[in-house]
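Me: Hi! Could you walk me through the pocket and the packing in this model, one question at a time?

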Amino acid sequence: NLRKNFFNKRREIVTLTLLFRLQAIFMAFWVVMLAAFPESMMQAQGWELTPELQQMAKFIALAFTGIAVISWMMPAWAGSNIKKPAMVMGVYLNLLFMAFNAFDLITGAVPANGTNLGGFVPQIILVVLFYMKSRE
């Protein structure tokens with residue numbers, strides 16, 4: 001009985017609101033890295049930072065800012081109808097990002113290093129948790 005209560009309490013802690021907030025923080029991390037440290041980001045890919053890549057990093061950071069803001073605000077906007085946006089943004093969007101990243105790794109567009117492979121870990125966790133919580 002104690003074991004069952006422990007797992008039920010843990011299940012209550014992880015909510016879709018929390019997952020949306022974690023996704024927003026994850027995206028904000030990328031915004032900061034792309035906007036403040038573009039050279040480090042490009043070096044991790046094995047690329048030289050050119051003015052064109054720096055400009056592209058700014059535009060990607062802007063797009064990621066939009067995703068972060070939408071993710072942060074979605075629980076308030078969706079209210080009790082949060083499960084459908086959770087599937088779209090938490091599962092499908094993350095799977096799409098992962099598919100693009102996997103394609104780049106497979107084709108050799110980016111190196112298969114710890115940075116690039118490790119980036120899948122938070123996304124996999126988010127996808128699994130968003131999926132599970134959307135189905136409850």
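Reply: Happy to. A pocket here is an open set of grid points where a 1.4 Å probe fits, with protein on both sides within 12 Å along at least five of seven lines. The model is predicted. With that definition, the volume of the largest pocket comes to about 920 Å³.

Me: Which residues are the closest to the centre of the largest pocket?

Reply: The lining of this pocket has 31 residues. By class, 24 of them are nonpolar, 6 polar and 1 charged. The closest to the centre are Trp30, Met41, Gln45, Phe64 and Asn101.

Me: Which element gives the largest share of the lining of the largest pocket?

Reply: Two or more lining residues come from each of α2 (16-36), α3 (38-44), α4 (51-78), α5 (83-107), α6 (114-118) and α7 (120-134). The largest share is 7 residues, and the element that gives it is α5.

Me: Is glutamine 45 buried or exposed?

Reply: Glutamine 45 sits in the loop between α3 and α4. Beyond its neighbours within four places in sequence, glutamine 45 has contacts with Val110, Pro111 and Asn116. The cut-off for buried is under 20% relative accessible area. Glutamine 45 has 16% relative accessibility, so it counts as buried.

Me: Which element gives the largest share of the largest nonpolar core?

Reply: This core has 29 residues, and those with the most contacts inside it are Leu16, Phe20, Met27, Leu34, Phe64 and Phe130. The elements that give two or more residues to the core are α2, α3, α4, α5 and α7. The largest share, 8 residues, comes from α2.

Me: How many residues apart in sequence are the parts that phenylalanine 20 and phenylalanine 130 tie together?

Reply: Phenylalanine 20 and phenylalanine 130 form an edge-to-face aromatic pair, 5.1 Å centre to centre with 75° between the planes. Both phenylalanine 20 and phenylalanine 130 are buried. Phenylalanine 20 belongs to helix α2 and phenylalanine 130 to helix α7, so the parts tied together are 110 residues apart in sequence.

Me: And is phenylalanine 97 buried, partly exposed or exposed?

Reply: Phenylalanine 97 pairs edge-to-face with phenylalanine 64, at 5.7 Å centre to centre and 90° between the planes. Phenylalanine 64 is buried, at a relative accessible area of 15%. Buried means under 20% and exposed over 50%. Phenylalanine 97 has a relative accessible area of 23%, so it is partly exposed.

Key
Residues are numbered from 1 along each chain as its sequence is written. This is a predicted model: local features need pLDDT of at least 70, side-chain atom pairs count only at pLDDT 80 or more; totals for chains, interfaces and linings use all residues. Side-chain values use heavy atoms; hydrogens and water are left out. On a 1 Å grid over the protein atoms alone, a cavity is a set of points where a 1.4 Å probe fits but cannot get out, and a pocket is an open set with protein on both sides within 12 Å along at least five of seven lines; lining residues have an atom within 4 Å of a point. Grid points are joined across faces, edges and corners, and a volume is the space filled by probe spheres set on the points. Helices (H or I, at least four residues) and strands (E, at least two) are DSSP runs, numbered from the N terminus. Ala, Val, Leu, Ile, Met, Phe, Trp, Tyr, Cys and Pro count as nonpolar, Asp, Glu, Lys and Arg as charged, and the others, Gly among them, as polar. A nonpolar core is a set of buried Ala, Val, Leu, Ile, Met, Phe, Trp, Tyr and Cys residues joined through side-chain atoms within 4.5 Å. Buried means under 20% relative accessible area, exposed over 50%, partly exposed in between (1.4 Å probe, protein chains only). Contact means heavy atoms within 4.5 Å. Rings of Phe, Tyr and Trp (its six-membered ring) pair if their centres lie within 6.5 Å; planes under 30 degrees apart count as stacked, over 60 as edge-to-face and the rest as tilted.
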